Every structure is written in C-alpha cells, then in structure tokens.
There are 2 protein chains.
Amino acid sequence: MVSNSVLLGFVLCIILYQQCFAYVPRMLHGRPKGGLVGTPGTKHHLLGETRPKLPPEQWFIQKLDHFNGADSRVWKQRYFVNETYYKPGGPIFIQIGGEGTADPIWMVEGSWIKYAREYNAYCAMLEHRFYGNSHPTDDMSVSNLQYLSSEQALADLAAFIVDLKNNVDPTAKVITFGGSYPGSLSAWFRLKYPHLVDGAVASSAPLLSEINFIEYLQVVTDSLRTYDGTDACNEAIRKATDSITSALKTAEGRVQIKQSFRLCDSIDPSNEKDIANLFSTLSGNFENVVQYNKDNRAFEGAQGTNITIDTLCGIMTDQTSSDPVQRYAKVNNLLLDVYKQPCQDYKYDKMIDTLRQTSWTSSASEGGRQWTYQTCTEFGWYQSSDDVRQPFGHSFPIDFWIEQCQDIFGNNFNITIISDAVKRSNTDYGALMIKISKVLFPNGSIDPWHAMGVLKDLNPDARAVYINGTAHCANMYPDSPDDPPQLVQARLEIFMQIGEWLQEKH
Amino acid sequence: MVSNSVLLGFVLCIILYQQCFAYVPRMLHGRPKGGLVGTPGTKHHLLGETRPKLPPEQWFIQKLDHFNGADSRVWKQRYFVNETYYKPGGPIFIQIGGEGTADPIWMVEGSWIKYAREYNAYCAMLEHRFYGNSHPTDDMSVSNLQYLSSEQALADLAAFIVDLKNNVDPTAKVITFGGSYPGSLSAWFRLKYPHLVDGAVASSAPLLSEINFIEYLQVVTDSLRTYDGTDACNEAIRKATDSITSALKTAEGRVQIKQSFRLCDSIDPSNEKDIANLFSTLSGNFENVVQYNKDNRAFEGAQGTNITIDTLCGIMTDQTSSDPVQRYAKVNNLLLDVYKQPCQDYKYDKMIDTLRQTSWTSSASEGGRQWTYQTCTEFGWYQSSDDVRQPFGHSFPIDFWIEQCQDIFGNNFNITIISDAVKRSNTDYGALMIKISKVLFPNGSIDPWHAMGVLKDLNPDARAVYINGTAHCANMYPDSPDDPPQLVQARLEIFMQIGEWLQEKH
C-alpha cells in the first residue's frame with residue numbers, strides 16, 4: 001500500500017503540474033476563460049465594498065440523456081435562486097447558464113435584476129451541463145461528452161422550468177435571458193419549447209452555425225477602424241505581422257521574437273502548428289479586447305485597468321515607437337502583465353495536451369475542452385485567418401482549427417463529423433431563418449459575434465435591437481454613467497418589451 | 001462445418017416456428033397489425049381491378065443518432081415519391097410514416113392525393129425508422145432500440161425535407177400529413193421545426209402522453225351506445241364478462257369457455273396474466289372495430305365484409321340467443337374467421353416470447369415490438385380496464401400493462417422509467433397545451449383516440465376539425481359515396497385551409 005503522505009504528495013504534484021504547465025489560450029474559439037459573458041457587479045470592488053451576500057447553490061436532479069427514454073441515469077445540476085424581488089403574481093425570470101461557471105453574482109447584478117425588481121420577478125439561474133460544478137458524468141472523456149449538447153441543455157431547462165413553475169406558481173409567466181451562446185439557447189428554447197416560455201431575450205446570440213467563421217476577424221478589423229476612423233491601427237498590425245513572418249525565417253529573428261513577445265519557449269520554425277498558434281494568439285489579444293470593449297466590468301474592476309480598443313490602437317499607432325513589431329509586442333506584454341502571466345504560451349502540443357485532459361480537476365475543465373467539443377460537434381465558429389482583408393496574417397486557416405478537433409478528441413472528429421454537425425445544427429434551429437416570436441435579439445456593432453446574429457427584425461414580435469458602438473452582451477451588464485445613450489435606450493427597449501410580454505394573454 | 005442444406009432447413013424451421021407459434025394480439029396498445037392507419041384504395045379490389053402502378057421504393061442516407069454530433073453512423077431510410085401531380089411552383093406534400101410499414105398505395109390514394117392534384121404538389125412519404133423496411137440497426141435489441149423515438153423520427157424528417165427541397169425547389173412550401181401517431185408527428189414537426197414546414201394536418205393525433213389511458217374504453221363504451229342510443233350493447237357485454245368471470249372459477253366452466261371462444265390453449269386459472277390477456281383480447285375485438293368503424297377500407301375490401309359497431313352490437317343484442325356469453329363468443333369467432341385465425345390466442349407468455357424477438361425477420365418486427373417500446377419509453381397510452389363504467393371487466397388494470405414493459409424489454413423498464421418518459425414527452429411537446437400555429441387537428445367522435453387529442457381550436461390558426469360520428473383518421477381515406485356529410489365537409493375544410501397556407505407569405 002502506498003502511504004497517505006506519498007499519495008498526497010503525488011496528488012499535489014498533479015495539481016501543481018496542471019497549474020504550472022497547463023495551457024489554454026486566453027481566447028479560445030472566441031471564448032475567453034470563464035466563458036463568453038463577463039462578470040457584472042464590479043462597482044462593489046471599485047467602491048472598495050465587499051461582494052453583496054449571494055444566494056447559496058442548490059441542486060436539481062436532472063436526467064443524463066433526455067433523448068433516450070430507456071436511460072434512467074440522473075445527476076445533480078447546480079442552480080441559484082433569488083426570491084427577494086418576487087411578489088405573488090409576478091413572473092419567473094431565468095438566466096440561462098452557458099460555457100463557463102455560473103457565477104452567483106448574476107443573482108444580484110445585471111440588467112435582468114433591474115428588470116426583476118420592477119416586475120417583481122422570481123429569479124433563477126441554471127448552470128449549463130458540463131460547465132462549472134454541474135458534472136453529469138465522472139469525467140469529460142469523449143464517451144461522456146456525447147451528453148454535452150445544446151439540445152440536452154434545452155431539455156435540462158425544460159425539466160427545470162416545469163419543476164420551478166410547480167413550486168413557485170404554475171400560472172407564472174416565464175422570461176428567459178441569456179448572452180452569447182446562452183443567448184442562442186434563450187432563442188432556441190423559445191423555438192423548441194414555446195409552451196414553457198412567454199418571452200426571451202437573446203443577447204449577442206449567434207444563430208448561424210458555420211465552420212469557417214471568417215466574419216469574426218472582418219468585424220474585428222472594422223471595429224479597430226473605429227479608433228480613429230482610419231486604417232492606421234489595422235495597417236500597423238499588418239506591418240507587424242509581415243515583419244514577424246520575415247523574422248521567423250532566421251534564427252536571429254526567432255530569438256528576437258521570442259524575447260520581444262516574452263514567449264515561454266523557443267521557436268521551432270518547422271512546427272507549422274506552433275507558428276499558426278503564435279499568430280492566432282497574437283490576434284487573440286485584439287479579439288478579446290474588441291469583443292468586450294468598454295464592457296468587461298470584472299476585468300476592469302478586478303485588474304484596476306481599462307484596456308479598450310483605444311488602448312491597443314493607441315499603442316499600435318504610437319509613432320514614438322518606430323517599429324510596429326515592438327508596438328505589437330507591447331500590446332502582448334501589457335496583457336501578459338494584466339493577466340499576471342509570466343510568459344506567453346503558444347506551443348500547440350502543450351495546448352492540445354491540456355485540452356485532452358478529461359478530469360474535472362484539470363485546467364481543461366474550466367470550459368476550454370467542453371466548448372471546443374461543442375464547436376466540433378455542433379457549431380464550428382472557427383475564427384480562421386482565411387479572410388483576405390484582415391491584418392493578422394493567414395497562417396491560421398480553417399484546417400488548423402479543424403485538425404484541433406481530431407488532435408483533442410480523436411481521429412473520428414474529422415471534417416465530415418464537423419460538417420454534418422454544423423448542417424444538423426442549422427437544420428435543427430433554422431439558423432438565421434429561425435421562425436420565432438416573442439424574442440428580442442440585442443447585438444452590438446463592435447462585437448464580432450454579431451455577424452452570426454439577427455440584426456434586422458424577423459417579424460413584429462421577433463425584433464432586433466442593434467446597438468451601435470457596443471460590444472458583446474453590453475446590454476446585460478449593470479448601468480454605468482459611461483454608457484452611451486443608445487445602450488441606455490436598448491436596455492429601456494428590452495425592459496418595455498418584457499412588460500408587454502407579461503401583459504399579454506398566455 | 002454445417003452443410004448448406006442443413007442450415008437452410010434450420011432457417012426454414014425458424015421461419016415456420018415464427019409463423020405458426022408467434023402471437024401478437026390483433027390489437028396491441030390500440031395498434032392493429034400493420035399500424036394505426038388502414039390502407040386506402042380498396043375500391044380497386046372492390047371493382048376487381050388490379051392495384052394501380054405504384055412508385056418504386058427509394059433510399060435516403062440518414063444519421064443514426066441526430067442528438068450525438070460525434071456519432072457518424074448512417075443507415076438507409078425508405079421513401080416514396082410521386083411527381084405526377086407536381087408543377088413547378090407547386091408545394092411539397094409529405095406523408096409521415098408511422099408505426100407500421102409505409103404502403104406505397106398511399107402515393108396514389110387518399111385525400112392528400114386529391115389535394116395534391118388540385119394544388120400541383122410533389123408528394124413524398126418517408127417511412128418511420130425501425131418500421132417496415134427502414135432498419136437503422138442490425139436488429140431490434142433493446143440496446144439498438146435506444147435510437148427509436150419520436151424525436152429521432154422528427155429529426156429524420158427534418159434532414160429528409162431539407163434535402164428534398166434542395167432537389168425539388170428550395171422555395172417550395174411544405175405541408176405535412178399524418179394520421180394517428182404520425183398525426184402527432186405532423187403537429188410536433190411544425191412545433192419543433194417551423195422553419196421547415198408551412199402547414200400541418202394532424203389527423204386523429206394523440207398529443208397527451210398518459211400512462212393509464214382509461215379514456216380509451218370510456219369512448220369505446222360511448223361509441224357502442226351509438227348503435228341504438230341505449231346501453232343495451234354495453235350491458236350485454238357486461239353480462240358476458242360477468243358470466244365468463246364466474247365460469248372461469250370451475251374446471252367445467254373453463255372447458256366451456258375454451259370451446260366457445262375457440263381458444264388455442266386450455267385455461268390455467270392460476271395464471272393471472274393469461275386471464276388478464278384473455279379479457280383484454282375480447283375487449284380488443286370491440287376496440288378494433290370501433291376504432292375503424294366504417295372506415296377500414298382495406299379490411300372491408302380485402303375481406304369482403306363490413307364489420308362495424310352495428311355488426312357487433314347487432315350480435316350482442318340479438319335476443320334470439322339467450323346467453324350473452326354465446327353472443328360475445330359469436331363476435332370473437334366472426335373475427336377469427338374474418339382474419340383466418342384457426343384459434344384464439346391469449347397465452348401471455350406466448351405473446352411476450354413473440355415480442356421479445358429482436359430479429360428483423362421475426363413476427364415482432366411487423367411493428368408490435370417497436371410500438372410497445374415507444375409506449376414504454378415515450379407515451380404510455382395503456383388501454384387499461386381501470387375505468388369503472390366500461391363493460392369489459394377489470395382484470396387488465398394498469399399494472400398488467402406496465403409489467404409488459406419489463407417482461408419484454410427487461411427489469412430496467414419499470415414504472416419509474418415509464419413515468420419519467422411520459423413526463424418528458426409532455427414536457428417536450430407541451431401535451432394539450434401545445435403552442436402552435438398552422439396546424440389542423442381532425443378527430444372523430446367515435447374514435448377512442450380523440451380523448452388524447454385537440455378537440456377545440458387552440459387559436460385561430462390551430463383549429464380543431466371535430467367530426468361527429470366518424471372513427472380513426474376517417475378524413476384521410478378516399479371519398480366514398482357512403483361518407484356522411486360532416487366527413488365530406490371536414491375534407492373540404494382541410495382542403496381550403498391548405499389553400500390558405502399555400503397563399504400566405506413565407
């Protein structure tokens with residue numbers, strides 16, 4: 001028998017190994033660590049307050065496989081409720097969990113809470129299966145991940161809402177909220193289970209599944225142009241990209257790049273996937289900031305900084321530094337400092353090794369592995385470099401992303417699987433031809449994800465709320481004195497629409 | 001090695017065994033052999049004509065599991081098309097296959113074909129997975145039957161329709177048709193895939209899943225009362241039932257019953273399930289005739305007879321025969337003769353043994369095993385004797401039906417599985433609270449299934465077409481000079497509604 005102390009040491013080694021040597025990019029398939037929606041409520045931090053008292057976690061007994069009546073296995077799904085604002089006769093508001101841990105701060109913060117106060121709503125948030133602490137299976141093996149899908153998540157919601165209505169008020173109206181992928185779920189839930197929901201807000205919801213999401217970097221390019229109305233920022237990035245490409249051809253250049261960008265490892269020029277991942281990582285610096293421009297409250301509050309498009313493009317167009325590569329490196333190193341990363345990871349195999357981990361205690365369990373699985377088996381949405389106009393180079397084409405599915409999950413996950421999956425997803429949900437009512441689709445013009453969303457009214461009762469100048473899910477965060485008027489107006493429009501839904505006959 | 005001739009003999013033995021010793025009740029869970037909708041077009045037989053030329057079968061490559069993006073297995077699903085009536089710009093009509101073999105006679109007969117002629121429609125019929133010749137798996141083992149569900153069937157339809165539209169006309173409107181369980185599928189498809197269908201006719205569609213379907217025999221009782229407006233027929237059945245119950249208590253009585261009802265096997269009074277199955281079988285004589293009263297064209301044509309409620313109640317109330325048991329036996333033996341059965345099966349174990357067969361060449365593959373599986377894992381709908389007013393005795397209570405799930409499919413299929421399955425089905429589809437538009441719900445007042453259907457308009461664009469005096473799916477059969485005016489009117493109403501759907505903007 002192994003003694004307990006030896007065993008403990010071994011476990012500690014594993015944990016330390018995972019913490020020190022694991023590597024998931026800060027931005028993976030458009031998903032930052034923690035999930036696609038940031039955390040609200042940082043004004044408490046800004047004011048030096050402690051976080052408000054948050055509701056305790058609760059657990060709902062959920063079926064493992066809703067699409068196999070012979071499978072009786074169940075598991076415990078995490079949820080939170082806030083009854084503070086509820087008055088009898090009021091509605092039930094559901095915040096739909098997504099591709100990250102469900103943070104209970106949302107139970108007391110965010111625009112939906114403001115609406116809940118006004119409409120006397122009972123608030124509940126259901127964590128998405130396979131994310132956070134909602135673990136339907138022993139681990140995240142490929143075999144177990146077969147139960148991770150948006151369809152299963154919608155069925156989870158259905159069972160949860162039926163039970164909640166029975167407990168709270170069987171006649172209560174239900175409004176769902178969600179941002180980004182949960183925004184899609186909010187719309188899709190109204191599509192598939194209209195008898196269980198009376199209105200849905202689908203913020204920044206991508207509805208068109210697509211393997212090669214070239215529009216993503218197109219919008220990033222457009223958004224960077226908003227800095228000064230010119231192509232200066234993009235041109236500087238393009239020059240930096242070109243110079244790096246040249247530099248990588250010589251041993252001296254590679255040493256220089258490693259040093260400038262504080263890379264963790266020396267560059268092997270023969271490793272194409274490392275090179276692809278390096279360029280993709282550098283574009284990720286901009287993707288992350290553009291996607292959450294001026295809205296990432298937690299980021300701003302927690303890190304005591306305010307990195308926006310203006311910050312990055314300010315650096316990129318700063319003529320006091322003559323070399324665009326050095327400016328590009330400055331952006332990179334600023335973000336390394338902010339995120340307290342000692343060096344810049346980019347080694348492909350290291351990333352893949354991390355994402356191949358199946359344990360719930362591994363770094364991959366933060367969400368990177370699960371979200372990648374969903375992109376491979378449902379949505380695609382690979383932010384490739386295949387658009388000709390974007391300035392981040394063309395060394396991370398669609399094949400680079402498709403091969404990741406195979407490298408992480410096995411040879412079975414080839415282009416056929418992904419193509420069929422994306423086709424099935426669009427057949428299932430109708431993509432942008434979705435036939436739906438009582439849904440609002442807020443989107444921000446800065447947000448790269450808006451390219452997959454509903455930007456024009458589908459019909460008088462399925463309207464787009466297109467917000468000029470804001471980023472991903474901006475309308476979901478708490479009010480801020482800095483909010484542009486069109487964002488204030490959008491929140492009001494959503495508020496009024498919910499009021500109408502609540503007035504309508506069932 | 002076994003010689004080929006020995007092997008052939010062995011196979012022949014198996015086939016003969018299956019034909020001679022297999023036993024599935026004529027009426028199983030409300031489903032007659034062949035499926036819940038009869039075969040139209042028998043006027044050709046009546047007129048001594050041969051069947052018209054029918055379209056050849058075709059095969060569609062279909063995914064095995066639409067709810068697991070990682071599963072790339074495919075199989076061939078059978079379908080038929082008829083382009084005869086199609087003109088460019090016309091719609092696509094889909095006849096949805098159900099719990100039996102898809103008979104191509106439907107491609108040239110039935111009210112939908114009449115509509116297709118008028119609206120220049122392209123007609124297609126997709127056979128339901130696991131029925132007929134549409135075999136997604138090597139056999140019908142419990143493990144393979146996990147892929148048999150209404151949700152998978154709807155996803156089959158979605159993939160099929162997307163492909164068909166691409167081939168015929170991507171802008172074509174689509175109207176779905178279905179009767180009985182496929183009627184439910186027709187409504188549910190419009191619920192779940194509204195972007196793929198512009199109108200749906202859901203004839204005699206049960207929408208409320210329910211374990212203990214006591215309403216079934218209630219409606220049978222009501223329908224038998226239509227014979228003469230009195231309880232005479234039901235009272236005679238009740239007396240017969242009581243007398244049989246008494247007779248079964250003595251050895252002499254059991255011999256008498258065996259003889260009177262031409263039972264295949266002697267009665268073991270200690271075998272409760274045999275007794276339950278005997279009474280259930282005798283009630284099945286009436287269920288079958290009531291469910292298809294005056295509408296079962298194939299039955300009428302093929303068998304050269306016309307057995308209706310009037311026939312059975314005429315026998316039951318015939319005062320020239322003093323003993324109700326003998327009249328009850330006369331009904332039974334008439335049907336044995338019509339169906340050319342040498343004796344009346346009722347042995348529970350024999351039935352279960354048949355339904356446990358998993359081979360596609362077994363008798364069970366006709367549909368009995370698959371449909372029973374769907375009742376155990378989705379719908380319930382057990383026509384128990386638990387209603388106090390019906391006259392067929394109370395010896396086949398709900399437990400008798402629930403235990404069949406375990407006896408056929410294994411101990412796992414207990415009441416918990418069935419309860420959860422029925423709950424999930426109602427959560428999934430909304431039961432009678434279904435939120436839907438552009439659907440018509442025809443139902444017949446005589447048909448026991450109408451108790452699970454939509455009998456009143458849900459909203460102005462989801463209307464009930466309740467037909468007084470007709471049975472299961474009456475509106476789907478070809479016109480007959482004997483059709484009551486309300487049936488003629490119903491077919492016209494459906495025709496006009498389809499016209500409106502085809503006129504509306506997408």
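B:Cys233 and B:Cys313 are joined by a disulfide, S to S 2.1 Å. This comes from a predicted model. B:Cys233 sits in helix α8 (residues 232-247) of chain B and B:Cys313 in helix α12 (residues 309-316) of chain B, so the bond ties together parts that are 80 residues apart in sequence. The torsion about the S-S bond is -80°, and the link of B:Cys233 and B:Cys313 is left-handed. B:Cys233 is buried, at 0% relative accessibility. B:Cys313 is buried too, with a relative accessible area of 0%.

Now turn to chain A. A disulfide links A:Cys264 and A:Cys343. A:Cys264 lies in the loop between α9 (251-260) and α10 (272-291) of chain A, and A:Cys343 in the loop between α13 (324-338) and α14 (348-355) of chain A. The torsion of this pair, A:Cys264 and A:Cys343, is about 100°, so the disulfide is right-handed. A:Cys343 is partly exposed, at 24% relative accessible area.

A:Cys376 and A:Cys405 form another disulfide, with sulfur atoms 2.1 Å apart. The bond connects helix α15 (residues 368-379) and helix α16 (residues 398-409) of chain A. Both cysteines, A:Cys376 and A:Cys405, are buried.

Which cysteine sulfur is closest to that of A:Cys123? It belongs to A:Cys473, 18 Å away, which is too far for a bond. A:Cys123 is buried, at 0% relative accessibility.

Technical notes: Residues are numbered from 1 along each chain as its sequence is written. Chains are lettered from A and ligands numbered from 1 in the order in which they are written. This is a predicted model: local features need pLDDT of at least 70, side-chain atom pairs count only at pLDDT 80 or more; totals for chains, interfaces and linings use all residues. Side-chain values use heavy atoms; hydrogens and water are left out. A disulfide is a pair of cysteine sulfur atoms within 2.5 Å. Helices (H or I, at least four residues) and strands (E, at least two) are DSSP runs, numbered from the N terminus. Buried means under 20% relative accessible area, exposed over 50%, partly exposed in between (1.4 Å probe, protein chains only).
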